[in-house]
Amino acid sequence: MDKKVPFIDRVKIKVKAGDGGDGCISFRREKYVPRGGPDGGDGGKGGDVVFYGDPNLWTLLDFKYKRVLKAENGKQGKGKNMTGRDGKDLLIPVPLGTIIWDADKDEKIGEILKERERLIVAKGGKGGRGNKSFATSLNRAPRIREEGEKGEQRNIILELKLLSDIGIIGFPNSGKSTLLKSLTGAHPEIAPYPFTTLTPNLGVIRTDEFRRISICDIPGIIKDAHRGKGLGLKFLRHVERCNFFIILLDITSEEPLNDYEVLISELREYNPELLHKKRIVVFNKIDLVGEIPFKARNLKIKEKVFFISALKGTNIEELKGEIGKWIK
Ligand SMILES: Nc1nc2c(ncn2[C@@H]2O[C@H](COP(=O)(O)OP(=O)(O)OP(=O)(O)O)[C@@H](O)[C@H]2O)c(=O)[nH]1
Ligand SMILES: [Mg+2]
């Protein structure tokens, strides 16, 4: 993903489907046929507004600039029984993981999780019938027709929860972005101070079996993030749907067990279900310590533990091997 593209994960927009075309009033006019019957055609259907999943997108930025999305109207019916052309559907790509809400009713319309998955968010109006359709044995020359039905119009909210397999959770400056880079070759911003990462980053590992494993690096979490400290917990929603977590700890920290407990308790505050997902604990920056400190080696925790240097690449292959096992 491109660092220069701002990450937008919530937008409000208006969608308007096309109106149906009006039916037509017309009578046959041909030489030598003095009183031709009705031949007014029906109007065409209005186009739908349709969202579909596009795996190459990862932000809702486009909608910041385009807040009204309108599909084409159906054309009017014409004489000689000609039906008006249907309005074209408006097909709009959205990132995988986009949730669509009706802003006025505060109700979920649906979500897009898969490539090319489609969702109609506003239905086009039906075309009106032309006078041909109203002819009966009693009224052979009706002067009535229908107007096209109005297209549906809605205010909607798009909310993006990124989809990835693995989420990296850790304190600011623990090396989350460095680990993402080392595992996937992505190029997130990395710097020696906290809160370098302000929006989520995605990277992908391509395994031998042509499988893509996507990994998400989110801004750092600190104690009391659930009370709004630091950047808060709002970014956790981007890892809510991950199946696995890497809990990343800095081995040079004074109290690794305490760091671990803070992270677990912040996850619990956000959503206790996150604790049911599979996770491992990874100590980073082992290149900075001669030997693995006793405290880190003897943590009383139930997860599998790895010791790595994301910067130097130490034990990264082992970690990848473990990740590969999960995904299978
Ligand atoms: N020596 C050493 N430094 C590391 C290692 N991993 C990361 N760093 C350094 O630690 C600093 C923070 O790394 P980041 O990857 O930006 O950390 P982060 O967890 O993404 O930080 P935030 O985005 O601020 O939450 C940078 O200066 C990195 O170069 C490591 O394995 N060894
Ligand atoms: Mg970072």
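In the predicted model, Lys16 is bridged to Lys70 in strand S3, and this pair belongs to the contact between S3 and strand S1 (residues 10-16), two strands that run parallel and are joined by three bridges. Strands, like helices, are DSSP runs numbered from the N terminus (E, at least two residues, for strands; H or I, at least four, for helices), and two strands pair if DSSP finds at least two bridges between them. Both strands belong to an open sheet of five strands with mixed pairing, in the order S3-S1-S8-S5-S6. Because strand S3 (68-70) and strand S6 (107-112) stand at the edges with a single partner strand each, one side of each is left without a neighbour in the sheet. Neighbouring strands of this sheet are turned by 30° against each other on average, direction ignored, where axes are lines fitted to C-alpha atoms, for helices over the stretch in contact, and angles run from 0 to 180 degrees between N-to-C directions.

Further pairings involve strand S11 (residues 212-217), which runs parallel to strand S9 (residues 166-170) and is joined to it by three bridges; here Gly167 has Cys216 as its bridge partner in S11. Strand S10 runs antiparallel to S11, with six bridges between them, and Arg206 is partnered with Arg212 of S11. Strand S10 (residues 201-206) also contains Gly203, which is buried, with 24 other C-beta atoms within 10 Å. A residue is called buried if 20 or more other C-beta atoms lie within 10 Å of its own, exposed if 12 or fewer, and partly exposed in between, with C-beta atoms placed from the backbone. Gly203 lies 8.2 Å from Leu183, C-alpha to C-alpha, although 20 residues separate the two in sequence.

Residues are numbered from 1 along each chain as its sequence is written, while chains are lettered from A and ligands numbered from 1 in the order in which they are written. For this predicted model, local features need pLDDT of at least 70 and side-chain atom pairs count only at pLDDT 80 or more, whereas totals for chains, interfaces and linings use all residues.
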